[in-house]
Each structure stands twice: as C-alpha cells, then as structure tokens.
Amino acid sequence: MNRSTWLRWGLSFATILASALLPAAQPKEKAVILATTTSTQDSGLLDELIPLFEQQTGYVVKTIAVGSGQALAMGKRGEADVLLVHSPDAEEALVADGAGTNRRLIMHNDFVLVGPPQDPAGIARHSARESLQRIAAAKALFLSRGDNSGTHAQELKLWKAAAIAPEGQPWYQQTGLGMGQTLTIAAEKKAYTLSDRGTYLALRKKLGLVILHEGDPSLRNIYHVIELTPARFPKVNTAGGRAFADFLVSKAVQTRIKEFGIAIYGSPLFFPDADAPEPDAGRR
Amino acid sequence: MDLIWEGLRKALELLLTLDPEVLRITLLSLKVSGIATLLSVVLGLGLAVSVALNDFPGKRLVIALLNTGMGLPPVVVGLFVTVLLWRNGPLGFLGILYTPLAIILAQAVIATPIIAGLGLAALQHLPPGLRLQILTLGATRPQMVWLLLKEARLPLLAAVMAGFGGVISEVGASIMVGGNLKGSTRVLTTATVMETSRGNFEVAFALSFILLVLAFSVNALLTHLQQRSRPR
C-alpha cells in the first residue's frame with residue numbers, strides 16, 4: 001500500500017466520522033430520557049405509545065429500559081427526565097427524598113406465580129403466602145430475578161409476608177437477569193418464579209410453564225409515572241418529562257393502554273388506572 | 001435445533017426483503033464499529049510505535065498495562081464511560097450519552113489496547129538491527145516508522161482484525177452508553193439481546209447470523225489486504 005492509498009483511507013475516514021457526528025447534534029432540550037422497566041419495553045407497549053408522543057409534541061424520547069431499581073437510581077441522580085416504574089415502596093422513598101415529584105398512577109397488571117405443569121411443590125389452589133411456604137417446605141427450585149427490579153422487590157415482599165428467609169438456601173437461585181431471560185431459565189430448570197403477566201403472556205408459547213397462582217390482591221403490579229424536581233436538577237428536561245407524564249394520563253392514551261395486546265394475546269396486558277384512586281393508601 | 005433453522009430462514013428473509021429496520025441496525029453496527037476501529041488504529045498504532053521505538057523507565061510496566069488492557073471487559077468500559085458522560089458527570093456538557101458517538105467512544109476504548117498490544121508485539125518482533133539499517137541508509141524518522149509499519153503489516157492487520165472483532169461483537173458497553181434506542185443507537189448485538197428477552201428467538205437468531213456474515217465480510221476484506229501485500 002502506498003502513501004496515496006493511505007491518504008484516501010484517511011479522507012474517507014474523516015468523511016465517515018463527520019457523518020456519524022451530524023445526527024448526534026440534535027437540539028438537546030428536544031430529547032426526553034425515559035427511564036423505565038424492561039416489562040414496558042419487552043411487552044411492546046412503548047413501541048406503540050412513543051411514536052404517538054413524538055408525533056404530537058416534537059420531543060424525541062430516549063427509552064432506557066432497565067430494572068425499576070436502576071431506573072429509580074437514575075432518577076435520583078437526575079440522569080433521566082421522567083420515570084415509568086413499578087416498585088411502589090422505592091418510588092415513595094424517591095418522592096420523600098425530594099428527587100421525584102408529581103407521582104401519578106398510570107396502569108396496573110398483576111404478577112403470577114408460574115412453574116412446571118407437574119407442580120412438584122403442589123402450590124396450585126393455595127394463596128400466595130401458602131404457595132411460597134410450600135415451595136420452601138418442598139425445597140423446590142425457585143428462581144429470583146435478584147436485580148432490584150420491581151418484580152424482585154415484589155417477590156421479596158411476598159417472602160417476608162410468608163415469614164421465610166430464602167436468601168442463601170440451595171433451592172433459591174438468583175438470575176440477576178431480566179424477566180424474559182429468567183422465565184426462559186425457569187422453563188429449562190423446571191423451576192418456579194414470579195413474573196409479571198405481560199412478559200409471561202408474551203413468552204408463554206415458548207416456555208411450557210403454567211400459571212399456578214394468580215389473582216391475589218398482594219400480586220398487584222402497579223405502574224406510576226414520576227417527574228423529577230426541577231429545583232434539585234437544573235439539567236433535567238422537566239418540561240419534556242411533564243409532557244410525557246401528561247401524555248400517559250391523557251384519555252386517548254389510557255384507551256390505547258386498555259386495548260393494547262388484545263389483538264395478539266386475546267386479553268389486555270395492562271389496565272389503565274389514571275382515574276382510579278391511589279391503591280397504596282389503602283394497603284398500609 | 002428447529003429454532004436455528006428458523007433463524008437462518010428469517011435472516012435470509014430479512015436480508016432479501018431489505019427490511020428497513022434490520023438494514024439500519026446492520027449499517028449502524030458497521031459504521032459505529034468501523035469508526036471505532038479506525039480511531040483505535042490511529043491511537044493504538046501511535047502508542048505501539050512510541051513504546052516500541054523508545055526506551056524509558058517503566059517501559060515494562062506500560063507494556064504490562066497495555067497487555068492487560070487487551071482483556072478490558074466491555075461492561076467495565078461501559079460503566080466508566082456512562083458515568084463520565086452523565087449529564088452531571090465530568091463530560092456531561094458534551095451531551096453525547098445515548099448517541100452513536102458514545103458507543104464509538106466506548107468501543108475505541110476497548111479496541112485501542114488490543115491494537116496497541118498486538119501492534120507492539122509485532123513491532124518488537126522485527127529484527128532489532130532493521131531500524132539502524134534504515135536510518136544509516138539516510139531515512140528520516142517518519143520514513144523509518146513508515147518502513148517498519150510496512151514491514152510488520154501482516155501481524156498489524158491481524159491486530160486490526162482482532163480490534164474490530166472485539167468491538168463488533170461486544171454488547172455490554174453498547175447497551176449501557178447507547179441505551180439500545182430504536183432508530184438511533186440500536187446495533188446488532190443490543191438488538192439481539194432485546195429480541196431474546198422478548199422471546200423472539202428466531203429474530204434473535206436472524207440478527208446473530210447477520211452479525212456473523214458482517215464480521216466475516218469485513219475480516220475477509222482485511223485478510224485480502226493482508227495476504228495480497230504479503231512479503232514474497
């Protein structure tokens with residue numbers, strides 16, 4: 001290779017670099033960083049709602065789909081503009097801390113206890129509390145998300161209610177992964193696990209796991225939108241975050257949430273709640 | 001096993017129908033990892049040359065550090081780069097987190113030590129007298145460096161391929177600093193992770209096959225360059 005070849009390479013390199021830089025130079029205040037849970041993205045709900053929001057408002061949404069724990073941690077540091085999460089206790093802590101504000105109810109679905117159809121611990125037709133106690137007594141394998149997600153927080157709460165400390169037990173394993181991957185592993189290992197209904201329904205055909213317990217009031221999975229406090233975080237796009245939160249509670253979007261998933265799964269994945277009373281008040 | 005065939009079929013279908021989303025993801029992967037590799041070639045070879053041609057105290061320590069850097073876990077790089085680029089972080093004013101540029105930056109951090117480490121080994125493997133010989137023939141220093149690089153081009157191109165292979169296949173850093181944003185920072189590896197967690201295994205397999213074909217094509221091209229200019 002001679003010198004002019006290298007020169008040509010250099011020039012084309014500079015051109016490519018310039019073309020990569022250009023799209024990054026969008027106006028910053030137009031971007032809204034939404035920190036949310038994997039379930040809202042993996043179910044496909046956000047793919048339906050976000051283009052609508054971008055079209056209506058001109059904002060560009062950057063969806064960072066992580067566990068609720070990480071999403072709330074990003075909010076606490078002002079590294080997101082708006083949060084859509086499902087970990088009520090941690091959410092209340094964020095608002096009490098002053099970082100989050102204007103926490104509003106968006107929707108709910110529910111958690112289900114799933115496991116192999118053989119049901120080795122015999123948990124079918126028992127309450128959530130008895131189910132977990134039976135799993136522990138039978139030392140049947142239970143997979144925990146173990147990732148500080150909303151589902152993980154809910155699961156820990158259920159163990160606490162059942163007065164069992166599963167941590168460190170050989171039959172209790174933590175995946176540290178998302179819901180979809182955890183369900184896949186549970187199917188392979190014929191283990192029990194706690195899942196949100198949406199992700200389970202989306203994966204059901206490929207899993208061979210069945211719902212063994214559902215419908216218990218303690219298995220409600222509640223999603224809130226939280227804005228960030230402008231005074232605390234001058235760099236946060238509070239106007240964009242507010243616009244997205246308002247969008248989620250709007251009538252039209254609530255209807256979209258209600259209808260989402262019916263065509264594919266035969267039943268809705270989420271139930272809109274913007275007009276419902278705050279359920280946490282009654283629970284404590 | 002069925003899934004793999006189904007994935008292969010799906011990959012062909014997505015490629016033949018020129019699915020716009022898949023095309024965009026594939027081109028972005030190529031662009032991002034290509035630019036990151038080119039950046040790393042400039043930085044890595046610069047490092048390799050300056051370490052190979054100079055004697056200084058602590059040289060062995062620097063070489064050991066470079067060699068350690070070749071095994072830098074992408075997820076560690078992703079974490080560091082994310083924290084640096086956070087809007088409240090030291091480089092937050094750039095506003096490039098969750099853009100393709102952030103992925104390029106993180107991937108360059110991953111590939112630079114690979115190319116520097118392997119490049120350094122290549123240069124140090126040249127006969128020690130060669131440098132003096134070139135200089136006594138009246139070459140200037142830049143000419144001497146150029147001749148040395150040319151002499152070592154075989155292992156140097158192998159170093160470039162290792163660097164490219166390292167970044168086109170990594171997912172940990174891309175997903176953290178890019179955020180897997182549809183239409184903006186979604187690359188083949190992050191899309192594969194997402195489709196897997198969505199349970200769309202055949203799409204995930206299809207994306208994997210496209211990734212393998214892409215990696216093969218780029219490496220075939222580099223191998224062609226390498227073998228064409230092979231010293232006779």
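Reader: In which hand does α3(B) pass α5(B)?

Author: This model is predicted. Two packed helices are described by the angle between their axes and by the distance between those axes. Here α3(B) passes α5(B) in a left-handed crossing. The axes of α3 (residues 59-69) and α5 (residues 100-124) of chain B come within 7 Å and cross at roughly 130°. That angle makes α3(B) oblique to α5(B), because angles over 145 degrees would be needed for roughly antiparallel.

Reader: Which residues make the contact of α3(B) with α5(B)?

Author: From α3(B) come I63(B), L66(B), N67(B) and G69(B). α5(B) supplies P113(B), A116(B), G117(B) and L120(B).

Reader: Now burial. Is helix α10 of chain B largely enclosed or open?

Author: Count the buried residues along the helix. In α10 (residues 188-197) of chain B, eight of the 10 residues are buried, so the helix is largely enclosed by the rest of the structure. The buried residues are L188(B), T189(B), T190(B), A191(B), T192(B), M194(B), E195(B) and S197(B).

Reader: What do the buried residues of α10(B) pack against?

Author: Elements of both chains. From chain A there are α2 and α8 (179-189). From chain B there are α2 (20-53), α9 (172-178) and α11 (201-228). Just after α10(B), G199(B) takes a positive phi of about 85°.

Reader: How many residues does each domain of chain A give to the contact?

Author: Domain 1 of chain A gives 18 residues and domain 2 of chain A gives 16. On the side of domain 1 that touches domain 2, the elements giving two or more residues are α2 (38-42), α4 (68-76) and α5 (88-97) of chain A. α2(A) gives the most, with three residues. The residues on that side of domain 1 of chain A divide into five nonpolar, 11 polar and two charged.

Reader: What is the secondary structure of chain A as a whole?

Author: Chain A comes to 13 helices and 10 strands. Of its 284 residues, 44% count as buried. Among contacts in chain A between residues at least 6 apart in sequence, 74% join residues at least 24 apart.

Conventions. Residues are numbered from 1 along each chain as its sequence is written. Chains are lettered from A and ligands numbered from 1 in the order in which they are written. This is a predicted model: local features need pLDDT of at least 70, side-chain atom pairs count only at pLDDT 80 or more; totals for chains, interfaces and linings use all residues. Axes are lines fitted to C-alpha atoms, for helices over the stretch in contact, and angles run from 0 to 180 degrees between N-to-C directions. Helices (H or I, at least four residues) and strands (E, at least two) are DSSP runs, numbered from the N terminus. Angles under 35 degrees count as roughly parallel, over 145 as roughly antiparallel, 65 to 115 as roughly perpendicular and the rest as oblique. A crossing is left-handed if the near helix is turned anticlockwise from the far one by less than a right angle, and right-handed if clockwise. Two residues are in contact if their C-beta atoms, placed from the backbone, lie within 7 Å. Ala, Val, Leu, Ile, Met, Phe, Trp, Tyr, Cys and Pro count as nonpolar, Asp, Glu, Lys and Arg as charged, and the others, Gly among them, as polar. A residue is buried if 20 or more other C-beta atoms lie within 10 Å of its own, exposed if 12 or fewer, and partly exposed in between; C-beta atoms are placed from the backbone.
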